[in-house]
Amino acid sequence: ASGRRIAFIGDPVEPEIEQRREGYLKALQLHDIPVDDSLMFRAPFDAHKAKLATQAAVASGRRFDAIFCASDIIALNMIEALRGAGLDVPGDVAVVGYDDISLASSYGQSLTTISQEIPVGGRLLVDVLFSRINGEAVGPAIIQGKLKIRNSSSRHP
């Protein structure tokens, strides 16, 4: 069915990217979409290497209706690679990033992304630092990201 081939691109060697990949896999499972390992592509954070990786993913011949990119840098490169191959975003392929960097909303085609709530994370890091300085034990914390729907995944954000 159309809209059911959802790819992932990122480098799961990085712990936070592996967590994002796990979220992608859980979302597929939740919606009864089979996991297709051929739709998982590797791409690093580095902008130049991400550009090459996105071009290779698009040129691979593997077709997908949507792609979850592990970072906005990868997602912005993916949009360019898809357009370079004559595909429409979001008409042919919806693209979603992660981070909500400033370019995500100001880029030519605004990017649907997951905001990490960076100010909240910064405050949390400072709190952890002071707790450790005071000799207090500190456990892990997870900040809930927020989906920001823009026009790389929908014609009507």
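Is Asp11 buried or exposed, by its relative accessibility? Let's find out in these close-up views of a predicted model, where local features need pLDDT of at least 70, side-chain atom pairs count only at pLDDT 80 or more, and totals for chains, interfaces and linings use all residues. Residues are numbered from 1 along each chain as its sequence is written, and side-chain values use heavy atoms, with hydrogens and water left out.

**View 1. Arg42 and Asp11 meet in a salt bridge.** A salt bridge is a side-chain nitrogen of Lys or Arg within 4 Å of a carboxyl oxygen of Asp or Glu. Here the N to O distance is 2.6 Å. The two partners sit 31 residues apart, Arg42 in the loop between strand 2 (40–41) and helix 2 (47–59), and Asp11 in the loop between strand 1 (6–9) and helix 1 (15–30). Helices (H or I, at least four residues) and strands (E, at least two) are DSSP runs, numbered from the N terminus. Now for the opening question: Asp11 counts as buried, at 18% relative accessibility, while Arg42 is exposed, with a relative accessible area of 53%. Buried means under 20% relative accessible area, exposed over 50%, and partly exposed in between (1.4 Å probe, protein chains only).

**View 2. Arg20 forms a salt bridge with Asp99.** The closest N and O atoms of this pair are 3.7 Å apart. Arg20 belongs to helix 1, and Asp99 to the loop between strand 4 (94–96) and helix 4 (102–106), 79 residues apart. Both Arg20 and Asp99 are buried.

**View 3. Asp100, Lys148 and Arg150 are linked in a network of salt bridges.** Arg150 and Asp100 are both buried. In total, the structure holds 7 salt bridges.

**View 4. Ring pairs link Phe8, Tyr24, Phe68 and Tyr98 into a cluster.** Rings of Phe, Tyr and Trp (its six-membered ring) pair if their centres lie within 6.5 Å; planes under 30 degrees apart count as stacked, over 60 as edge-to-face and the rest as tilted. The structure holds 4 aromatic pairs. In one of them, the ring centres of Phe8 and Phe68 are 5.8 Å apart and their planes meet at 50°, so the pair is tilted. Phe8 comes from strand 1 and Phe68 from strand 3 (residues 66–69), 60 residues apart. Phe8 and Phe68 are both buried.
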